[in-house]
Amino acid sequence: MSVSRRTLLTSAAGAAVAVGAGTSPATAATPENADAASATRTLRQAADYAVAKLRAVAPGVTAFPVGTKFEKWTYSQNGDWVGGFWPGQLWLAWLHSGEEQFKTLALASAEKLAPRRTDTTTHDLGFLFYPSWVTAWRLTGDEKWRAGAVQAASSLIKRYNPAGRFIRAWGALSDPNNAGRVIMDTMMNLDLLAFAGAQTGDPQYLEIAVAHAKTTQRNFLRPDGSSPHVFDFDPMTGAPIGPNTVQGYSPTSCWSRGQAWGLYGFTTMHRRTGDAEFLTTARRLADFALSRLTPDNVPVWDYLAPQAPHDIKDASAGVIMACGLLDLAELTHRPHYRDSALRILTAVSRTCLTTNSARAEASVARCTRHRPAEDGIEVSLPYADYYLLEAVLRVLDRPKADRAIDLSSW
């Protein structure tokens with residue numbers, strides 16, 4: 001299936017992008033080639049825009065962006081759970097542009113995360129250290145980044161509950177609250193454990209990652225391929241209690257960003273283990289999300305909330321989902337997943353960027369952080385900017401994306 005012309009030219013902005021862009025006789029020969037060329041131009045312009053935005057904003061950033069308020073970044077000094085995405089997008093900007101200032105800024109930003117290596121109060125160490133420290137090691141070869149990422153993985157496995165075979169999401173290890181709470185997001189933190197296992201030769205890291213993924217697979221997946229944000233267990237016995245939610249509409253709904261985390265996380269776990277069941281799970285998650293995608297190709301914040309599909313958007317769910325779909329297309333040899341990823345990325349690039357605002361410090365708008373708490377409704381978020389660049393690099397120059405995050409199958 002080719003990228004639909006109707007999708008690619010749905011907005012005036014999209015039409016404007018296409019006007020005046022030259023094509024060779026070969027690329028103009030068929031509608032399919034013209035569509036592909038148009039999509040490629042749009043994605044390259046989106047990446048160039050994101051890099052230009054970073055070029056203007058990043059030199060003045062001294063902490064970690066967590067979200068925007070009135071289009072300006074707000075910050076965390078220790079990185080909260082999103083700290084890895086700022087140095088991560090600086091690394092991607094360096095790969096895309098070749099400008100050394102991005103490398104310098106990425107190293108300085110990553111260094112500020114050093115105290116979090118021993119943080120045992122959160123499951124988010126993969127989000128913090130993979131796009132920052134693992135990528136730093138892959139791109140520089142400096143041993144301190146590798147060793148620090150392994151140390152962070154050692155902190156993460158302390159949160160493993162052997163009775164339930166899961167990694168606890170939230171709360172200090174001494175805090176009984178949330179002791180049995182598992183969330184779909186943790187699937188994205190497992191690759192840090194796979195990395196540590198490969199680097200040290202210690203099998204426990206990958207064993208814990210696989211055990212957690214199997215528990216998630218067994219308890220989160222509904223028959224239709226949708227999933228809840230949260231699943232609770234008895235922390236003492238490991239017995240399942242049932243689904244729940246924090247950022248979704250309800251325990252029976254399907255928070256779109258959580259669905260995207262699961263899609264991406266299970267494809268990655270398949271690449272690291274070769275487990276065919278992980279790939280099947282990723283396909284089920286993808287197929288449900290695609291079945292609920294609206295004609296504008298930007299996900300609503302929750303696919304099963306009462307106002308869906310006519311509800312507020314979350315472009316961050318779209319770009320995360322696109323990364324997973326590109327992975328899935330390679331692993332399954334099913335091109336419709338890649339076509340779907342291109343439709344989403346083109347839609348985000350044409351309808352969700354901040355190109356019309358002189359104030360905006362981020363690249364991607366129309367993201368929703370925590371709708372039930374009325375926190376961050378259609379704002380900009382650092383992970384949206386990061387995954388936009390990652391997805392576009394996967395399309396335009398896959399070897400560069402591979403240099404940063406390792407797209408190989410082990």
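What is the accessible surface of the protein chain, and what percentage of it belongs to carbon and sulfur atoms? The accessible surface comes to about 15,400 Å², of which 53% belongs to carbon and sulfur atoms; the areas come from the Shrake-Rupley method with a 1.4 Å probe. The model is predicted, so local features need pLDDT of at least 70 and side-chain atom pairs count only at pLDDT 80 or more, whereas totals for chains, interfaces and linings use all residues. Residues are numbered from 1 along each chain as its sequence is written, and side-chain values use heavy atoms, with hydrogens and water left out.

Overall values for the protein chain are as follows.

| Property | Value |
|---|---|
| Radius of gyration, over C-alpha atoms | 20 Å |
| Box of the C-alpha atoms, along the principal axes | roughly 65 × 45 × 40 Å |

For 410 residues, a compact globule would have a radius of gyration near 22 Å, with which the chain agrees; the globule rule is 2.2 Å times the number of residues to the power 0.38.

Buried residues make up 59% of the chain, buried meaning under 20% relative accessible area (1.4 Å probe, protein chains only). The largest nonpolar core has 127 residues, defined as buried Ala, Val, Leu, Ile, Met, Phe, Trp, Tyr and Cys joined through side-chain atoms within 4.5 Å. Among the members that touch the most others is Y387. Leaving aside residues up to four places away in sequence, Y387 touches F85, F127, M188, W261, Y264, V319, I320 and C323, a contact being heavy atoms within 4.5 Å.

Definitions and conventions: Buried means under 20% relative accessible area, exposed over 50%, partly exposed in between (1.4 Å probe, protein chains only).
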